[in-house]
Amino acid sequence: QVDESKLKISNAPTNGYFLSAQSGGSGGMTWAEAGGGMGALVHTSTISSNTSNIVIDGIFSSTYKNYLIVGMARNDTSDVTLEMRYRQASSTVTDSSYRRTWNGNYGTTSSTVSDYGSATYGDDAISVINNMNSNTYSGAYFNITLFNPLGTVNYKNIMFQSISESVNAPKSFMNLTGNGLYYGNTTALTGLEFYLSSEQIAEATIKIYGLL
């Protein structure tokens with residue numbers, strides 16, 4: 001059996017740190033921050049049957065200041081939007097104090113590209129994917145960067161990208177880049193909720209990574 005004491009690491013461990021070679025240290029190893037911006041996987045949610053929403057709570061800690069959320073989702077019918085809400089004190093925030101902008105484009109089988117953009121102010125959620133189709137083989141994919149969810153001074157901002165097969169035209173794919181926030185208060189977040197605008201989620205995988 002190998003444990004930390006037998007490795008003779010030169011310093012005390014810190015959550016989120018990784019073992020690094022250090023020739024001058026005791027045992028030749030030390031705990032250190034990972035290179036680059038990626039930390040560790042802190043949460044995975046997997047949905048394989050119809051679910052009204054995905055609630056993720058208790059995942060933010062002082063180890064990481066920012067978080068990357070990577071996911072896919074699929075619906076059974078057409079023309080739905082994937083929505084995200086914040087959670088504070090383990091309760092979903094549902095009042096109309098969310099703001100979102102997005103810009104992008106969609107292309108069809110005619111090779112035509114059409115621009116697409118919109119903004120909302122005073123909405124009850126942040127929309128991150130629009131006009132999702134029900135094609136089993138496509139699904140919709142997104143990544144979201146959430147900034148400083150435990151802070152109590154500033155509003156909680158996100159940036160996101162998403163791609164989905166749209167119902168705007170046959171075999172039409174929509175690509176969006178946007179941002180959003182909740183401006184009702186600056187209270188720390190405890191989690192997130194994802195749901196579809198008008199039906200249940202048929203399939204989804206969401207992974208959340210801490211960013212150092």
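Ser 90 is partly exposed, because its relative accessibility is 47%. In this predicted model, Ser 90 sits in the loop that links strand S6 (80–88) to strand S7 (91–92). Its backbone is worth a look: phi of Ser 90 is near 60 degrees, a positive value in a residue that is not glycine.

You will find Asn 148 in the loop between S11 and strand S12 (156–166). With a relative accessibility of 29%, Asn 148 counts as partly exposed, since that class lies between the 20% limit for buried and the 50% limit for exposed.

## Tyr 141 and a nonpolar surface patch

Strand S11 covers residues 140–147, and Tyr 141 belongs to it. Tyr 141 has 43% relative accessibility, so it counts as partly exposed. Together with Ile 163 and Phe 173, Tyr 141 makes a nonpolar surface patch of about 290 Å².

## The nonpolar core around Phe 194

Nonpolar side chains in soluble globular proteins tend to be buried together. Here, the largest nonpolar core has 38 residues, and the members that touch the most others are Ile 69, Tyr 86, Ile 144, Ile 158 and Phe 194.

Phe 194 is a handy place to start exploring. Leaving aside residues up to four places away in sequence, its contacts include Ile 54, Ile 56, Leu 82, Met 84, Phe 142, Ile 201 and Ile 206. Phe 194 also touches Ile 69 and Ile 144, both of which are named with it among the core members that touch the most others. Asn 53 and Glu 83 are on the contact list of Phe 194 too.

## Strand S8 and its partner S9

Strand S8 (residues 98–107) has two faces: Tyr 98, Arg 100, Trp 102, Gly 104 and Tyr 106 form the covered one, while Arg 99, Thr 101, Asn 103, Asn 105 and Gly 107 form the uncovered one. S8 runs antiparallel to strand S9 (residues 113–123), and ten bridges join the two. To find your bearings in this pair, look for Tyr 98, which stands opposite Asp 123 in S9.

## The chain as a whole

Of its 212 residues, 40% are buried. Among contacts with a separation of 6 or more, 73% are between residues 24 or more positions apart. The accessible surface of the chain is about 10500 Å², and carbon and sulfur atoms account for 48% of that area.

Note on methods. Residues numbered from 1 in each chain as written. Predicted model: local features only at pLDDT ≥ 70, side-chain atom pairs only at ≥ 80, totals over all residues. Heavy atoms only, no water. Core = buried A, V, L, I, M, F, W, Y, C linked by side-chain atoms within 4.5 Å. Buried < 20%, exposed > 50% of the residue type's maximum accessible area, 1.4 Å probe, protein only. Contact = heavy atoms within 4.5 Å. Patch = residues over 30% accessible without salt bridge, like charges linked within 9 Å, V, L, I, M, F, W, Y side chains within 5 Å. Areas by Shrake-Rupley, 256 points an atom, 1.4 Å probe, with all protein chains shown as cover. Salt bridge = Lys/Arg side-chain N within 4 Å of Asp/Glu carboxyl O. Helix = DSSP H or I, 4+ residues; strand = E, 2+ residues; numbered from the N terminus. Pairing = 2+ DSSP bridges.
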